[in-house]
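Let's take a walk through a protein model together.

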Amino acid sequence: MKLEFRPVSVATGSEDQEGILAFANDQLVAVLVRLSDLHDKMAGSWFLEAAFGIRDAHRIFPDLESAQKWLSKASNGPVSKNRVKSST
């Protein structure tokens, strides 16, 4: 399975607007949002804002690599490491 991350701005209604769309085999499977400084110790972590075809949603990941590993398992199978790097 091929997992691809694409940077996007997300209208969350808060300062948490830096986002990533995660695609598995060209299908949208998740929207991740980077937590802002409003979240103190969690700032810079990635929140699973929405998941599609994945039952266990609303997780927090310390970095995109952790999110990629979890999405690989949750999306049923290994993924390639071809992805767009975030702007951070």
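Find F47 and look across to β5: the bridge partner of F47 there is I60. Strand β4 (residues 46-51) and β5 are joined by two bridges and run antiparallel. Two bridges is just what pairing takes, since two strands pair if DSSP finds at least two bridges between them. Strands here are DSSP runs of E with at least two residues, helices are runs of H or I with at least four, and both are numbered from the N terminus.

Before going further, keep in mind that this is a predicted model: local features need pLDDT of at least 70, side-chain atom pairs count only at pLDDT 80 or more, and totals for chains, interfaces and linings use all residues. Residues are numbered from 1 along each chain as its sequence is written, and side-chain values use heavy atoms, with hydrogens and water left out.

Now zoom out. Five strands make an open sheet, ordered β1-β2-β3-β4-β5, with antiparallel pairing. At the edges sit β1 and β5 (60-61), each pairing on one side only. Helix α1 packs on this sheet and touches β1, β2, β3, β4 and β5, where contact means heavy atoms within 4.5 Å. The direction of α1 makes about 130° with that of β1; axes are lines fitted to C-alpha atoms, for helices over the stretch in contact, and angles run from 0 to 180 degrees between N-to-C directions.

How many salt bridges does the structure hold? There are three, a salt bridge being a side-chain nitrogen of Lys or Arg within 4 Å of a carboxyl oxygen of Asp or Glu. Is E4 buried or exposed? E4 counts as buried because its relative accessibility is 18%, while R6, at 32%, is partly exposed. The cut-offs are under 20% relative accessible area for buried, over 50% for exposed, and partly exposed in between (1.4 Å probe, protein chains only).

Another salt bridge links the side chains of E18 and R34 (3.6 Å, N to O). E18 lies in strand β2 (residues 18-24) and R34 in strand β3 (residues 27-34), so this pair ties together parts that are 16 residues apart in sequence.

Finally, E65 forms a salt bridge with K69, the closest N and O atoms being 3.4 Å apart. Both lie in helix α1 (residues 64-74), four residues apart, which is about one turn of the helix. K69 is exposed at 51% relative accessible area, whereas E65 is partly exposed at 44%.
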